[in-house]
Amino acid sequence: MNKFATIEEVEQFDKVTYYTVRFEDRDESEFENFLSKHQDDPTIHDEYNDLMAWITIIGNKIGAKPSYFRPERKAHALPPPSRLVEIDYLQNLRLYCMWVSESIIILFNGAIKTQNTAQACPNVKPHFDLANRLVLAIEKLMRGPYKAIEEDKYNQQLIIDEGTEIML
Amino acid sequence: MKKNLISNAFNKVPKENKQFVSKNLDISQQVFAILEEKGWSQIDLARRLGKHKSDVSRMLSGLQNLTLKTITKLEAILETDIILTPIKAEQKFGTIKYVTLTVDVNKNDTSISKTPHDNSGMWKESIASPKKSA
């Protein structure tokens with residue numbers, strides 16, 4: 001059975017606008033769910049706050065420069081150009097996102113990694129798999145014959161045709 | 001309510017976390033600038049450090065807790081300072097003179113006069129108003 005989702009804005013900073021994805025059958029968007037799950041977890045309190053600070057500073061001062069958004073290795077196995085990025089610079093917390101440009105990032109979900117690799121971790125793997133599918137679906141909408149999603153570089157925004165849904 | 005979740009996440013970050021990440025990113029930006037100047041890639045740096053490229057990416061992500069040992073090792077390999085205390089910076093670069101230019105948009109005259117800003121040695125350039133004829 002197909003699942004449908006829409007893209008919505010999280011926050012527009014000076015240099016980066018962050019978006020996320022919301023599934024039609026869920027109350028929270030993917031990034032809101034990530035925040036809800038982790039904001040009060042004492043085991044990763046510091047990591048969580050560091051990550052929020054990082055997203056803000058990259059957003060306000062630096063921009064989403066490619067050097068800070070290293071592509072997830074597995075993504076190279078997918079049809080190019082795949083822009084799935086795993087923010088895995090913290091000790092245990094992992095967040096997946098899609099790098100669209102230095103001005104646009106789509107934040108997905110993530111979890112606390114409990115195994116050596118994300119793919120082996122039952123917490124993180126579902127988010128990795130979903131992020132992969134979302135990236136492919138969004139890229140089709142951006143690069144397909146009918147571009148339902150385009151980047152407005154001047155206003156640092158995504159232009160999304162009304163009624164556009166991501167179908168998984 | 002939902003929007004509060006996101007705005008709280010970004011606005012209620014403790015100052016120490018912001019300061020840590022900010023300084024960390026300052027360091028990584030400085031390293032990237034030095035690498036560009038030298039024409040080195042991150043792989044070149046990794047090779048000289050005896051590490052994998054992924055280790056260098058992690059090091060320069062802005063989220064790693066870099067030790068002073070790591071920073072000074074980077075400085076040694078890059079043959080330049082990455083961080084300087086204010087005292088060291090002043091010793092190295094001396095006093096910097098500033099010139100400020102003030103423009104009065106209501107005036108027509110384009111003559112420019114230099115005026116001392118204050119005793120600090122700063123000068124202010126200002127566009128003077130035309131002298132009215134008697």
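Me: In chain B, what share of the contacts between residues at least 6 apart in sequence joins residues at least 24 apart?
Reply: This is a predicted model, in which local features need pLDDT of at least 70 and side-chain atom pairs count only at pLDDT 80 or more, while totals for chains, interfaces and linings use all residues. Residues are numbered from 1 along each chain as its sequence is written, chains are lettered from A and ligands numbered from 1 in the order in which they are written, and side-chain values use heavy atoms, with hydrogens and water left out. A contact means heavy atoms within 4.5 Å. For chain B, the share of these contacts that joins residues at least 24 apart is 43%.

Me: Which pattern does chain B follow along the sequence?
Reply: Helices (H or I, at least four residues) and strands (E, at least two) are DSSP runs, numbered from the N terminus. Chain B has six helices and three strands. Read along the sequence, its pattern is α-α-α-α-α-α-β-β-β.

Me: Is H127(A) buried or exposed?
Reply: H127(A) sits in helix α3 (residues 125–143) of chain A. Leaving aside neighbours within four places in sequence, its contacts are K37(A), Y96(A), N109(A), G110(A) and A111(A). Buried means under 20% relative accessible area, exposed over 50%, and partly exposed in between (1.4 Å probe, protein chains only). Because its relative accessible area is 16%, H127(A) is buried.

Me: How many salt bridges does the structure hold over all chains?
Reply: A salt bridge is a side-chain nitrogen of Lys or Arg within 4 Å of a carboxyl oxygen of Asp or Glu. One of them pairs E151(A) with K153(A), whose closest N and O atoms are 3.7 Å apart. Over all chains the total is 12.

Me: Where does R22(A), the salt-bridge partner of E32(A), lie?
Reply: The closest N and O atoms of E32(A) and R22(A) are 3.3 Å apart. The pair links distant parts of the chain, 10 residues apart, with E32(A) in helix α1 (residues 30–38) of chain A. Both residues are buried. R22(A) lies in strand β2 (residues 17–23) of chain A.

Me: Which residue forms a salt bridge with D44(B)?
Reply: D44(B) is buried because its relative accessibility is 18%. With closest N and O atoms 2.7 Å apart, the partner of D44(B) is R47(B).
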